[in-house]
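Good morning, and thank you for coming.

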Amino acid sequence: MSSAASAILTKGQLLFAAPEPVTVPIAGRSELFPVHRIYCVGRNYEDHAKEMGFTGREPPFFFMKPADSLLVVEEGAVGAMPYPTLTKNLHHEIELVVALGRGGRDIKAADAMALVFGYAVGLDMTRRDLQNQMKKEGRPWEIGKAFELSAPMGPITPMNEVPDIGSAAIALAVNGSVRQKGAISQLIWSIAETIEHLSAAWELRPGDLIFTGTPEGVGPVVSGDLLDGTIEGLTDLRVRVD
Ligand code: MN
């Protein structure tokens, strides 16, 4: 067992039931993908970095969401996301999610794709007003990013079924109107480069998910809105804000 996997083990009964594992369906398979961590890349498309007031040329940076902040949506279903507390400015961010089937540390970009199991469509839902307040005060982002059900995602498609993911189109429509539109080829830091950077800072594990960043066009949603996220070759993600 690696050092990162070690835990304090004692004999005895659990004080209360341990949390259920978080799992994501795999398109066309009966097995489920068990989730370890959720890493997210900040500002990974130049036009989105610019709309947030940055140059788009900075090194990659990361934040996390808890595994149990996922809202897993089955193929053909519409996920229900409650409008979260404390915010008046809930934003959508459509993102390619990379699911790792293998782990490691200090992985070079040239070797990084061997860690990838597959891909899914995800949403990095953001309490923008709270995130902006934390940014202004130099405080952590969790209250803006890491709340319950803040990470809707659809089923994972194994990578060998989507050989053209690097050139796939990515889009988000709200109530049928396109709000975000881009291509995975516009990522500032590619999937492989992102894995290189992440694995220098953390030991990656099978079950890790990477939300790779969002193209331009982020904006608010309100209760009743229907979000339709698409990436060519992957299962669509549909979510209604309750
Ligand atoms: Mn994001």
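I begin with S69, which sits in the loop between β4 (62-65) and β5 (70-72); helices (H or I, at least four residues) and strands (E, at least two) are DSSP runs numbered from the N terminus. This is a predicted model, in which local features need pLDDT of at least 70, side-chain atom pairs count only at pLDDT 80 or more, and totals for chains, interfaces and linings use all residues. Residues are numbered from 1 along each chain as its sequence is written, and side-chain values use heavy atoms, with hydrogens and water left out.

Is S69 buried or exposed? S69 has a relative accessible area of 1% and is buried, a term that means under 20% relative accessible area, with exposed over 50% and partly exposed in between (1.4 Å probe, protein chains only). Beyond its neighbours within four places in sequence, S69 is in contact with I38, F147, E148, L149, S150 and A151, where contact means heavy atoms within 4.5 Å. A polar atom of the S69 side chain lies 2.6 Å from the backbone oxygen of P66.

Next, strand β9. Seven of the eight residues of β9 (residues 116-123) are buried. Strand β8 (residues 94-100) runs antiparallel to β9, joined by seven bridges; strands pair if DSSP finds at least two bridges between them. Within that pair, V97 stands opposite A120. Strand β12 (residues 157-158) is also antiparallel to β9, with two bridges, and there G118 stands opposite P158.

Finally, helix α3 (residues 128-137) has R128, L130, Q131 and M134 buried. The elements covering its buried residues include β7 (90-92), β10 (126-127) and α4 (142-145). After α3 comes G138, with a positive phi near 70°.

Definitions and conventions. Polar contact = N/O pair within 3.5 Å; in protein donor to acceptor, adjacent residues only side chain to side chain.
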